[in-house]
Amino acid sequence: MNMKSLEKQYIKDTITSEELESLRYQVDNQTDEELFKDLQAQWMDDDNAGTADADAVRMIKKRVDIRLGRERSILRSTFMRISLLSAAALIPFLIVTTVLLYRQNKDLSANVVTFTTGRGEKATATLPDGTTVMLNYNSHLRYKTSDFNSKNRSVDFEGEGWFHVAKKSGNPFYVNSRGLQVKVTGTQFNLCARRNQSVATLMLSEGHVALTSLVSGQTMALHRGQIASLDYASGKLSINRSMDTLSATSWQRGLLSFHNTPLQKVVAQVKGVYGVRMTIVGNAHPNNFTGALPMNNIDEAVIILCKAYGMRATYRKNSILLRPVSVSKNQ
């Protein structure tokens, strides 16, 4: 049976399952150009002149439903709105909408999955193999479903996250990030690899991982409890002995943890979490900061910094000025 006959059967809801499969096959095997011309021909037919009738609208809707199975709910609301338009306005709209939705569906068929968190946000992603990743603020994780197979598993990552990798014997798990690659088989670790920082850090909580610098080619095997750092500029890997494991994972408990950190870097992290402008008026304080700041209460974080450095805070819309008390009195 030809496509036009099958379409009529489908519109009248008298099509059999075998005929439906035949119609789906014929629609799926049309090129974009053929689909475009076929839709145009249907709407340019004399029987469709004048005001668009319900059967014509339903016919186009169902044809697109066949082609874009997963877009049914979107198409339903779209076609209910446009069914009230005149035929002149409806023709180009339907043709363009159909082609655009089909192309969108072709992009979806690539099965690219992305998880993203914004300022102050945290989220947990579950991957196809059962691996879970808790994402800290301003983090991005991306993968293709085709990257998860019997030979390997792979994700692209930027930001900070806690990885709990599912164990798959003979099936390694790779994390690809700026300037580095992590290879694991089944383990738990925290990875911080942000573009606005000069160093990436990996803290291994359980199991074994191999960390490779894509700049220098250096590879380092880590054991439980070790923390490694990658200097982005040189590509050099080293064991970080100044950071403890509790500090590396403090963000999971809602805290920003610092150890002997310059005030400017502390302020930079606070700005990243809360999405506010924070400026230090006057010369930067020479003493570094050691302690913790809350990630869910900016007022408390500011109070802690002010008390630690003898400063006063001034709030102006979406910005905070931190001034030494001596400067505040004079300005």
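**View 1. Helix 8 lies across strand 15, strand 17 and strand 18.** The model is predicted: local features need pLDDT of at least 70, side-chain atom pairs count only at pLDDT 80 or more, and totals for chains, interfaces and linings use all residues. Residues are numbered from 1 along each chain as its sequence is written, and side-chain values use heavy atoms, without hydrogens and water. Helix 8 runs at about 165 degrees to strand 15. Axes are lines fitted to C-alpha atoms, for helices over the stretch in contact; angles run from 0 to 180 degrees between N-to-C directions. Helices (H or I, at least four residues) and strands (E, at least two) are DSSP runs, numbered from the N terminus.

**View 2. Helix 8 covers residues 263–274.** Its 12 residues reach 17 Å from first C-alpha to last, close to the expected 16 Å. That expected span is 1.5 Å times one less than the number of residues. Gly-275 follows helix 8, with a positive phi near 70 degrees.

**View 3. Helix 8 has buried residues, including Leu-263, Val-266 and Val-267.** Buried means under 20% relative accessible area (1.4 Å probe, protein chains only). The buried residues pack against several elements, among them strand 14 (255–261), strand 16 (289–294) and helix 9 (298–309). Contact means heavy atoms within 4.5 Å.

**View 4. Three strands form an open sheet in the order 15-18-17.** The pairing is mixed. Strands 15 and 17 are the edge strands, and each pairs on one side only. Two strands pair if DSSP finds at least two bridges between them. Strand 17 and strand 18 run antiparallel, joined by 6 bridges. Met-311 stands opposite Pro-324 in strand 18.

Notes
Buried < 20%, exposed > 50% of the residue type's maximum accessible area, 1.4 Å probe, protein only.
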